[in-house]
Structures are given as C-alpha cells and as structure tokens.
Amino acid sequence: GFNVIFGMPAQQKIGVLAMFSEILAKEEPDLIIEIGFGYGGISSFLSLYSKIRNCKFHAYDIEIRIQEIVDIIRGLGGYIHIKDVFSDEVFIANLIGHSTKCLILCDGGDKVGELKTFSKYLRSSDLIISHDYIPNKSVGDPTWLWCEVEDNDLVDLMTEQNLCYYMPDLLDKYNWVGLRRI
C-alpha cells in the first residue's frame with residue numbers, strides 16, 4: 001500500500017497521480033481540501049498543482065509525520081491545519097461556500113464520517129472523493145488490503161444528499177470513490 005511521489009511516501013496505488021491528473025484537468029477546482037495528508041505524497045502533488053493553477057489548498061491531519069512536507073505545502077502557498085477536521089466544520093463550510101468549485105479528499109481516520117459531514121455542503125459543481133474504498137467488503141480486493149468505505153456505507157448518504165457516483169471506472173482502480181450532487 002505504499003508508493004513514492006516526489007520522494008515522499010504515499011499510501012496509494014502506483015499510478016494514482018494519473019487519476020488525480022485526469023480529475024483536476026476535467027474539474028479545474030479553485031479549492032482543494034485534503035483530509036488526512038499522512039506522509040504527504042499526494043499533498044506535495046496537490047500543493048504544486050494548486051500553486052500553478054492559483055487554487056487554494058488546505059490540508060488537514062491530526063499530526064505531522066514529515067516536517068518537510070509541511071514546509072513544502074506552506075512554501076507553495078498552501079495551508080496546513082493540525083487538528084481534528086470535525087472541529088473545523090464551520091470554517092470548511094465557509095471555504096466551500098466562497099469557492100467556485102471545490103474538491104474534497106477524505107483520507108483521514110473516519111472516512112465515512114468525513115463523507116457524511118462535508119457532503120452536505122456540496123453544490124453541483126463540487127466533488128467529494130474518499131480513499132480505501134472497496135465496493136463490497138465481503139468480496140474484497142486482492143490488490144488493496146484496506147477497506148474503510150464500501151457501497152453499503154454510501155446508500156443512505158447518496159439518497160439523503162442527492163448524490164451520484166463520479167467516474168467510478170477510473171476511481172475504483174485506485175480504491176477511491178467519488179460523489180457529486182445531482
């Protein structure tokens with residue numbers, strides 16, 4: 001489950017940058033919020049994208065694992081928040097409300113809770129995606145050992161929030177799931 005991106009560890013499948021590149025090229029968000037930046041591999045890529053595209057980048061985690069990644073993100077104009085993301089719900093809702101198009105990545109310690117909490121602020125232009133997804137946990141995925149989100153976790157949320165799957169053929173390959181308001 002480890003990969004290296006720009007020399008930084010990433011708990012992602014190899015090739016995940018192609019997935020993110022496709023999403024970013026198609027969506028062109030002006031705000032990216034990453035929940036759970038871990039060792040910073042994806043964060044380094046997203047902060048570089050944000051600098052080049054004049055996009056705001058906010059990364060959340062409850063601890064710093066590699067100080068250099070914090071320095072890189074801040075050096076590229078990104079914002080680091082070392083706190084429980086749920087304690088910043090009002091601030092994040094405000095960020096989303098003041099953006100044109102937002103991309104939220106749920107990769108913290110409570111991915112289902114992150115999806116439920118922050119999907120309610122989505123507009124039809126926004127996108128929320130979550131990692132460690134396997135459609136059916138009982139079937140599993142021999143190429144990925146972690147499953148924190150499955151379709152059963154999403155059924156009620158999708159109905160309540162009027163959400164649909166986003167690019168499942170692409171995201172499934174990397175154990176991500178994407179949702180967008182209909």
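Tutor: Start with Leu 171, which touches Met 19, Ile 23, Ile 129, Tyr 166, Trp 176, Val 177 and Gly 178, residues up to four places away in sequence being left out. Contact, or touching, means heavy atoms within 4.5 Å. This is a predicted model, in which local features need pLDDT of at least 70 and side-chain atom pairs count only at pLDDT 80 or more, while totals for chains, interfaces and linings use all residues. Residues are numbered from 1 along each chain as its sequence is written, and side-chain values use heavy atoms, with hydrogens and water left out.

Leu 171 belongs to the largest nonpolar core, which has 32 residues. A nonpolar core is a set of buried Ala, Val, Leu, Ile, Met, Phe, Trp, Tyr and Cys residues joined through side-chain atoms within 4.5 Å. Buried means under 20% relative accessible area, exposed over 50%, and partly exposed in between, with a 1.4 Å probe and protein chains only. The members that touch the most others are Met 19, Phe 20, Ile 32, Leu 105, Leu 171 and Trp 176. At least two core residues each come from β2 (8-10), α1 (16-27), α2 (41-53), β4 (56-61), α3 (67-75), β6 (102-106), β7 (127-131) and α7 (168-171). Helices (H or I, at least four residues) and strands (E, at least two) are DSSP runs, numbered from the N terminus. The largest share, 5 residues, is supplied by α1. Another core, of 24 residues, lies apart from this one, and its members include Leu 31, Ile 33, Tyr 60 and Val 112.

Now follow α1 to α2. Their axes come within 11 Å and cross at roughly 30°, which makes α1 roughly parallel to α2. Axes are lines fitted to C-alpha atoms, for helices over the stretch in contact, and angles run from 0 to 180 degrees between N-to-C directions. Angles under 35 degrees count as roughly parallel, over 145 as roughly antiparallel, 65 to 115 as roughly perpendicular, and the rest as oblique. From α1, Val 16, Leu 17, Phe 20, Ser 21 and Leu 24 make the contact, and from α2, Ile 42, Phe 45, Leu 46 and Tyr 49. These residues divide into 8 nonpolar, 1 polar and no charged. Here Ala, Val, Leu, Ile, Met, Phe, Trp, Tyr, Cys and Pro count as nonpolar, Asp, Glu, Lys and Arg as charged, and the others, Gly among them, as polar.
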